[in-house]
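Hello,

Here is the structure I promised to pass on. Please open it alongside this note, and my comments follow below.

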Amino acid sequence: MKYRLHGARPAPQPIQLAIPGWGGAPQPRADGSHEQPWHCTPFSESARYGVEVPYPFDEELRVTKSAQGVELDADWGEPPDDLMWPPFRSFGDDYYSYQISLDLEVPAGWAIRTEPHPRYFTDASNTTPLAVPALIRSEWWPMMFFCIFKVPPPGVTHVFRKGEPFLSIIALPADPDLDLQPMTEEEAATRELSARRLAASRDGLAEGSRWLSSTDTIFDGTYRHLFRAVKARDQGR
């Protein structure tokens, strides 16, 4: 993935699971701890999959929905000579756009997909902006692009603060060409047998990793241990 920027914007960067922060508190996987987003390997692996874009401006932007429509509250000051200003505009009654001034390029056959930043799903304050997913075929679209966000419901305020990531971007095949089929009886039986073997050996696989959270939920490291083992095996090939 290659990038091109217009104006004084920070470059995209690999997503970092902030702990403490939106990834959760640094509580150990131990009895009495409160479960944290980073405790979940599927979530933390997914959260770090792409790149993130930090908000570049000193001006804090607060987004709300009122009877008059989209409210974009920021003290933008004097407009720069080389940028659309302000960079945010209402987009219908329930959305708004941001001129991100970023161009990304991926190899032929691949595309760019914008996503909500994973911190949106861990934010108990509900202030994280909600990016609308979009697929950009950068092979033939070399333009600086903009992003669309959904306005929060009445009574909720989304906030853009300098340095905080607001968007996740991943690269993926432009045309997945999926052939969705039900498993054959033999394939389903093989999967079921594997599942039963895993269930039967779970106590051994989870040894030393089982804990009870503060909400009386039992956790163990079976998935995490298997993930590490398979990853180590594949790297050793």
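Let me start with the aromatic residues: Y55, F57, W76, W85, F88, Y96, Y98, F149, F160 and F166 form one aromatic cluster. Rings of Phe, Tyr and Trp (its six-membered ring) pair if their centres lie within 6.5 Å; planes under 30 degrees apart count as stacked, over 60 as edge-to-face and the rest as tilted. A word on the source: this is a predicted model, in which local features need pLDDT of at least 70 and side-chain atom pairs count only at pLDDT 80 or more, while totals for chains, interfaces and linings use all residues. Residues are numbered from 1 along each chain as its sequence is written, and side-chain values use heavy atoms, with hydrogens and water left out.

The structure holds 20 aromatic pairs. One of them joins F57 and W85 edge-to-face, at 5.4 Å centre to centre and 85° between the planes. F57 sits in the loop between β3 and β4 and W85 in the loop between β5 and β6 (88-91), so this pair ties together parts that are 28 residues apart in sequence. (Strands are DSSP runs of E, at least two residues, numbered from the N terminus.) F57 is buried, at 8% relative accessible area, and W85 also counts as buried, at 16%; buried means under 20% relative accessible area with a 1.4 Å probe, protein chains only.

Y96 and F160 make another edge-to-face pair, with 6.3 Å between centres and 80° between planes. Y96 belongs to strand β7 and F160 to strand β12, 64 residues apart. Y96 is buried at 0% relative accessibility, and F160 at 1%.

F160 turns up again in the largest nonpolar core, which has 29 residues; I100, F160 and F166 have the most contacts inside it. Such a core is a set of buried Ala, Val, Leu, Ile, Met, Phe, Trp, Tyr and Cys residues joined through side-chain atoms within 4.5 Å. β7 gives this core its largest share, 5 residues. Leaving aside residues up to four places away in sequence, F166 touches several residues, including V53, I100, H117 and F160; contact means heavy atoms within 4.5 Å.

Finally, the strands: three of them form an open antiparallel sheet in the order β5-β4-β12, where two strands pair if DSSP finds at least two bridges between them. β4 (residues 61-66) and β12 share 3 bridges, and F160 in β12 is the bridge partner of L61.

How values were computed:
Helices (H or I, at least four residues) and strands (E, at least two) are DSSP runs, numbered from the N terminus. Buried means under 20% relative accessible area, exposed over 50%, partly exposed in between (1.4 Å probe, protein chains only).
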